[in-house]
Amino acid sequence: MVQSRSTTTTATTPNVETAWLSNKYAKCIDEAIEAASQELRTLSLKIHENPELGLKEFKAHAWLTEYLSSKGFTVGKSAAPGLETAFIAQAGDSTSKLVIGLCSEYDALPLSKPGSKEHTTSHACAHNLIAISGVAAALGLQAVIRKFNLPAQIKLFGTPSEEQDYGKVTMLNAGDFDGVDVCMMLHGANADVIYTPFLALEKATVEFFGKASHASTTPWEGINALDAAMQVYTGIALMRQQMKPDQRVHGIIEVGGQASNIIPQYTKSLYRVRAPKDAQVQELKRKVNAIFKAAAKSTGCEVKFHWDGHLQDILTNEQLVVRFEKWMNSQGLRYASKAQQQSKLSGSTDMGNITHAIPGIHPMFNIMNLEGVDALSGGLHTIEFAAAAATTVAHTATLRASKALAMTGVECILDPEFLQRVKQEFESRDD
């Protein structure tokens, strides 16, 4: 059963509901989102129970776009080629040049079963909740724009395959986000974090080409491509001693040979390089490239490698995130210090690229509890987290954060000077 409200009372904020609902715009958002709560819960569970990998989210796409159409949104396609499961849903004053952007994700990921070679497709990153958080915030904004006749548009971007293909980057490059003033989204987690320490990232594919020979009768005639791949793996492991604690290089040998009695003539490995800033990623890349080349030279193999999947770090807009924090505070949540939040390293996301193109924020909300207490287990990309993504607590947490996100958007509409400060901060950024 869905909890009837999405507010939380703490010892320091005994009148949370009064504080939140004393604002007429917040009250309008609250009523709109609460009225849709059961529908959003049903939508979330359908997506959760029918997980689909990136670029194949056909069911989720259909359910989300049908629902948005039923709520008065005009739903269109992305200009990006090859993204059949992307969408752009618009509402509000179509004549206004002020555009508030929101993002939803809905792809699942493959997850290994404990003690088994088998994989299952699962919402272990809670994208079912990210999907409805964007919808909920859009519904809240739509209600305020309608009721108070505000001059603004909403664009909700349905962004496929965040886990593998980085759909937002493709949509950004295709011009889908052109004309958007601010763009925001939410992400479920096992902690409440608004200063999200997502890392910049690039992916490498490296192939070694050697010469096959019989591993017993004439091994000296071979050129061992697996030796080269292993030298890379070992070289990167040794390099980690000189890497900073917030930097990462990790990978796998995807193809290691064809048979144990044949000197491998071909190997293929996949690596990911991450760091807090893109400049640090580029420096790590130079070191990894040198390891690739050294392995080829020492083994006599030929090497081919290329880099792709460039993701930027999250550029959190301070002006926006302080307003979001204010509206979360008014609903009873208190955050740890900025330094404490930034010490919690996370993964990487294509939303980073959006925040370097448009002022934005990417708050994380705790789906394990409503008290702002970090969950010590059940982190992202685990079976436990997937299970938590279907609970009523997670649903309540999602709606609470969605209300605050919608109010942050409303403040951009109501206060042109505030919006100007948001943009000035963005323009003065140091990438």
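**Asking how we know: a walk through a predicted model**

The UniProt annotation "domain: Peptidase M20 dimerisation", from an unreviewed entry, covers residues 204–298. The model discussed here is predicted.

Visitor: What makes up the span of residues 204–298?

Guide: The span is 38% helix and 25% strand, and its end C-alpha atoms lie 20 Å apart.

Visitor: How do you know that strands β9 and β11 pair?

Guide: Two strands count as paired if there are at least two bridges between them. Strand β9 (residues 200–209) and strand β11 (residues 266–275) are joined by 10 bridges and run antiparallel, so by that rule they pair. One of the positions to look at is F209, whose bridge partner in β11 is Y266.

Visitor: What joins β10 to β11?

Guide: There are 7 bridges between strand β10 (residues 248–255) and β11, and these strands run antiparallel. Here G251 has Y271 in β11 as its bridge partner.

Visitor: Now to the rings. How many aromatic pairs are found in the whole structure?

Guide: The search finds 8 aromatic pairs.

Visitor: Why is the pair of F209 and Y266 called tilted?

Guide: Their ring centres are 5.4 Å apart and their planes stand at 50 degrees. Pairing needs centres within 6.5 Å, while planes under 30 degrees apart count as stacked and those over 60 as edge-to-face.

Visitor: Why are F209 and Y266 called partly exposed?

Guide: Buried means under 20% relative accessible area and exposed means over 50%. F209 has 28% relative accessibility, so it counts as partly exposed. Y266, at 21%, counts as partly exposed too.

Visitor: And what makes Y271 and F292 a tilted pair?

Guide: The centres of these rings are 6.3 Å apart, and their planes make 45 degrees, so this pair is tilted. Y271 lies in strand β11 and F292 in helix α8 (residues 278–299), so the pair ties together parts that are 21 residues apart in sequence. Both Y271 and F292 are buried. Ring pairs also link Y271, F292, F305 and W307 into a cluster.

Visitor: Let's turn to the open sheet. What is its strand order?

Guide: The sheet has 6 strands in the order β1-β2-β6-β3-β7-β13, with mixed pairing.

Visitor: What makes β1 and β13 edge strands?

Guide: β1 (74–76) and β13 (360–361) each have a single partner strand, so one side of each is left without a neighbour in the sheet. For β13, 2 bridges join it to strand β7 (residues 182–184), and these strands run parallel. M184 stands opposite I361 in β13. Helix α4 (residues 58–70) packs on the sheet, touching β1, β2 (87–92) and β6 (153–158), and its direction makes about 15 degrees with that of β2.

Visitor: How do you know that helix α13 is largely enclosed?

Guide: Of its 23 residues, 20 are buried, so α13 is largely enclosed by the rest of the structure. Helix α13 (residues 392–414) reaches 33 Å from its first C-alpha to its last, close to the 33 Å expected at 1.5 Å a residue.

Notes:
Residues numbered from 1 in each chain as written. Predicted model: local features only at pLDDT ≥ 70, side-chain atom pairs only at ≥ 80, totals over all residues. Heavy atoms only, no water. Helix = DSSP H or I, 4+ residues; strand = E, 2+ residues; numbered from the N terminus. Contact = heavy atoms within 4.5 Å. Axes fitted to C-alpha atoms, helices over the stretch in contact; angles between N-to-C directions. Expected span 1.5 Å × (residues − 1). Buried < 20%, exposed > 50% of the residue type's maximum accessible area, 1.4 Å probe, protein only. UniProt positions renumbered as here; feature names shortened; annotations may be inferred. Phe/Tyr/Trp six-rings, centres within 6.5 Å; stacked < 30°, edge-to-face > 60°.
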